[in-house]
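Dear colleague,

I am passing on a structure for you to look over, and my notes on the contact between its chains follow below it.

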Amino acid sequence: MKSQYREIAKQTLWTDNPVIRQILGICSALAVTNLVSNTLVMGIGVSLVTAFSSLTVSALRKIMPNRVRMMVQTLIIAFYVILVDIILRAFFPDMSRALGPYVGLIITNCIIMGRCEAFAQTNKPLISFYDGFMSGLGYTLVLATIAIVRELMGFGTILGIQILGEWWTPWTVMVMAPSAFFVLAIIIWVANSITDKKLHAAGKPVNKGVQASGN
Amino acid sequence: MEISPFVIFFASIFTSNILLTNFLGMYSYLSISRDLKSSLGLGQAVIFVMTVTSVLNYLVYQYILVPYNLDYLRFIVFIIVIAAFVQLVEMVLERFMPNLYYTLGIFLPLITVNCAILGVALFLVIREYNLLQSLAYGAGGGIGWTLAILALAGIRQKVDETKVPKGLQGAGFAMIVTGIIALAFIGFSGILSIQ
């Protein structure tokens, strides 16, 4: 039982990380990463929505007719997203304005639907909740990494606290959209290289993928 | 301040491209862009659906949600409007235009989950556009998205024959190319702005 929980944590945070391995949920991943604080709020929101949607879907899994499954899942997810939006607007109005439409776009975040379909549909509620939450955490981890790089190089700060001194010339490009693509690409590259190296060390064949083989 | 619909139309294609500056619709963008022809098919479907649903969502929001104080339900309602419209288009196409259905049909289900469509609807509400502005923003957003996916598909077809570092193959490489395209589009940013 315990090993199952540990296995899920390992998969969602590293070996099957939703963002860098499965390339899911990157729409919002890129848009909110200009500041670390935005990213953390978004990450908490996504984690909670994924966890509770998985819990609900799993609890309903025996009575839900298969044909309307997708529609019901969408409605469940939308319900939790609305809760998150209302809470944000009531208690953190500035944050709500900064995130703009991206809170609503959690609905179309493929990670949540993916976990509902792939895990919650066939597992017990408690472990589905855990799986959903850890997937959200895996997403937050990658986002936070991107955000730290972008905020540090773009403004010289982290969470609004000055880290780099006067000598640092902020990189304007890090504040703008293209940098998000570059930083994420580099993170994917590093992550893939580490796994490749591990496979090499273990003597297993490296996944060739779609490598183009020039004649 | 009223922004002219023409300005919105061109700005949403070039300077505030929905994909390159708002990162919306990334998923289908990355998975379909391996092939130029299907990119064009998906692009056409996105332009059509985005234009119509932005107007539909505007009408639903202004004439149903606002008068009855149901503003907080807009996420659910927008998603349902989009899903219902896509379903309807699929049925009409299948019945009356089978040829078009075979070229566009497979892309339609992908569109319901394309976050660019929902994103456009949410931006309309936040920026308080009127009907004409919404139409311009929907159409421009769709064309801008198509432009971006065509650019990436074209580049990817050429790159398929070259050697890319191992860890960077697939998504990583597409990301870097997109970043460069986005940088190029920043060159337009002095022309107009809607922010």
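How many residue pairs are in polar contact between chain A and chain B? The count is one pair, with both residues at pLDDT 80 or more, where a polar contact is a pair of N or O atoms within 3.5 Å, one able to donate a hydrogen and the other to accept it, and residues adjacent in sequence count only if both atoms are side-chain atoms.

On the side of chain A that touches chain B, the elements giving two or more residues are α2 (26-31), α4 (69-91) and α9 (177-201) of chain A, helices here being DSSP runs of H or I with at least four residues, numbered from the N terminus. The most comes from α9(A), with eleven residues.

This is a predicted model, in which local features need pLDDT of at least 70 and side-chain atom pairs count only at pLDDT 80 or more, while totals for chains, interfaces and linings use all residues. Residues are numbered from 1 along each chain as its sequence is written, chains are lettered from A and ligands numbered from 1 in the order in which they are written, and side-chain values use heavy atoms, with hydrogens and water left out.

Chain A and chain B each bring 42 residues to the contact (heavy atoms within 4.5 Å), and the area buried between them, taken as the accessible area (1.4 Å probe) lost on being put together and summed over both, is about 3,500 Å², with 81% from carbon and sulfur atoms.

Leaving aside neighbours within four places in sequence, A:Ile26 is in contact with A:Val19, A:Leu184, B:Met26, B:Leu30 and B:Met175.

With best regards

Definitions and conventions. Buried area = accessible area lost by both parts, 1.4 Å probe.
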